[in-house]
Amino acid sequence: VSFKYHYFSNNSLIALKESELKEGDILSIIRQGDYILPDSLTKLNNLFSTFKTTNWVRGVHIESSDEKKYDTTDVSNYRIVPYDIYIRLKNNSYNFSLSHYFFKYNPSLLIKSSEADIFMYLIFNYQLNVVVDGFVIPDKATGTKITIENSQEVLYMEQLKKFRLKTTRLTRIYNWLIRLPVIKNPTQSKWLLKTEFNYPLVFRKDLKNNTYFLNKF
């Protein structure tokens with residue numbers, strides 16, 4: 001197993017298809033201006049080796065000097081299921097980018113013709129897990145929004161719509177209660193809904209033992 005890093009350019013997908021990738025390699029697509037932290041390769045190797053059923057993760061870089069808060073950092077916005085993508089596409093608020101994502105190489109990924117296609121393939125076939133540990137630090141001065149052809153976006157919308165989330169009556173009542181001004185607790189509301197809909201798990205870092213553990217929240 002090896003790591004392959006691919007830097008995007010005008011002929012990015014051509015270069016990706018011509019890469020000497022082997023099934024099981026770990027692939028990351030990062031952009032010019034980003035830089036990889038020194039121990040990222042070791043940490044990712046340990047993570048994928050330990051959690052063998054994990055195929056796709058996103059490293060979220062969150063600065064925290066308080067180790068106690070590190071384990072409770074709110075990363076609910078990074079935990080996504082197909083219907084979340086539907087909502088964001090509908091609101092024109094989603095930035096399709098595989099930057100900071102790491103996945104085990106699957107030959108069928110190379111059949112896809114664009115970054116958005118690869119992202120959607122992953123959404124439909126694998127569950128994303130969030131790692132509260134940055135592997136790549138972005139150049140904040142540059143941001144690339146990847147556009148999708150209108151016809152392709154309509155097709156994606158139809159496919160994603162089928163994953164509509166359905167709440168139970170009890171969940172809706174409880175969610176309404178904790179949103180009341182006298183009780184308002186937006187963080188608890190986020191965790192409630194993420195739990196109800198079986199959102200992806202979060203890898204939390206055990207700083208003392210320098211390992212990861214899966215957390216439901």
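This is a predicted model: local features need pLDDT of at least 70, side-chain atom pairs count only at pLDDT 80 or more; totals for chains, interfaces and linings use all residues.
Phe124 is partly exposed, at 30% relative accessibility (the partly exposed class lies between buried, under 20% relative accessible area, and exposed, over 50%, with a 1.4 Å probe and protein chains only). Residues are numbered from 1 along each chain as its sequence is written, and side-chain values use heavy atoms, with hydrogens and water left out.

**The protein as a whole**

- The fold contains 8 helices and 9 strands; helices (H or I, at least four residues) and strands (E, at least two) are DSSP runs numbered from the N terminus.
- Of the 217 residues in the protein, 42% are buried.
- Taking contacts (heavy atoms within 4.5 Å) between residues at least 6 apart in sequence, 71% join residues at least 24 apart.

**Aromatic pairs**

- There are 8 aromatic pairs in the structure; rings of Phe, Tyr and Trp (its six-membered ring) pair if their centres lie within 6.5 Å, and planes under 30 degrees apart count as stacked, over 60 as edge-to-face and the rest as tilted.
- Phe124 and Phe163 make one of these pairs, a tilted one with 5.8 Å centre to centre and 35° between the planes.
- Phe124 sits in helix H5 (residues 115-125) and Phe163 in the loop between helix H6 (150-161) and helix H7 (169-177), so their pair ties together parts that are 39 residues apart in sequence.
- Trp56, Tyr101 and Phe119 come together in one aromatic cluster.

**Helices H5 and H6**

- The H5 and H6 axes come within 12 Å and cross at roughly 10°; axes are lines fitted to C-alpha atoms, for helices over the stretch in contact, and angles run from 0 to 180 degrees between N-to-C directions.
- H5 and H6 are therefore roughly parallel to each other (angles under 35 degrees; over 145 is roughly antiparallel, 65 to 115 roughly perpendicular and the rest oblique).
- On the H5 side the contact is made by Ala116, Asp117, Met120, Ile123 and Phe124, and on the H6 side by Gln152, Tyr156, Gln159 and Leu160.

**Strand E5 and its neighbours**

- Strand E4 (residues 56-59) runs antiparallel to E5, joined by 3 bridges; two strands pair if DSSP finds at least two bridges between them.
- Within E5, Tyr101 is the bridge partner of Arg58, and Phe103 is the bridge partner of Trp56.
- Strand E2 (residues 26-30) also pairs with E5 in the antiparallel sense, over 3 bridges, and Ser28 stands opposite Phe102.
- Tyr101 and Phe103 point one way from E5, Phe102 and Lys104 point the other way, and all are buried.
- E4 pairs with strand E6 (residues 129-131) as well, in the parallel sense over 3 bridges; here Val131 is the bridge partner of Gly59.

- Pro82, Tyr83, Asp84, Ile85, Tyr86 and Leu89 are buried in H4.
- After H4 comes Asn92, with a positive phi near 55°.
- His100 belongs to the loop between helix H4 (82-90) and strand E5 (101-104), and at 11% relative accessibility this histidine counts as buried.
- Not counting residues up to four places away in sequence, His100 touches Ile29, Asp34, Val57, Arg58, Gly59, Val136, Ile137 and Pro138.

- Trp191, found in helix H8 (residues 186-196), is buried with a relative accessible area of 16%.
- Trp191 lies 9.9 Å from Val75, C-alpha to C-alpha, although 116 residues separate the two in sequence.
- Leaving aside residues up to four places away in sequence, Trp191 touches Asp74, Val75, Ser76, Arg79, Arg204 and Phe217.
- Strands E8 (residues 202-206) and E9 (residues 211-215) run antiparallel and are joined by 5 bridges, with Asn215 of E9 as the bridge partner of Val202.
- E8 and E9 form a hairpin with 4 residues between them, and Asn210 in the turn has a positive phi of about 55°.
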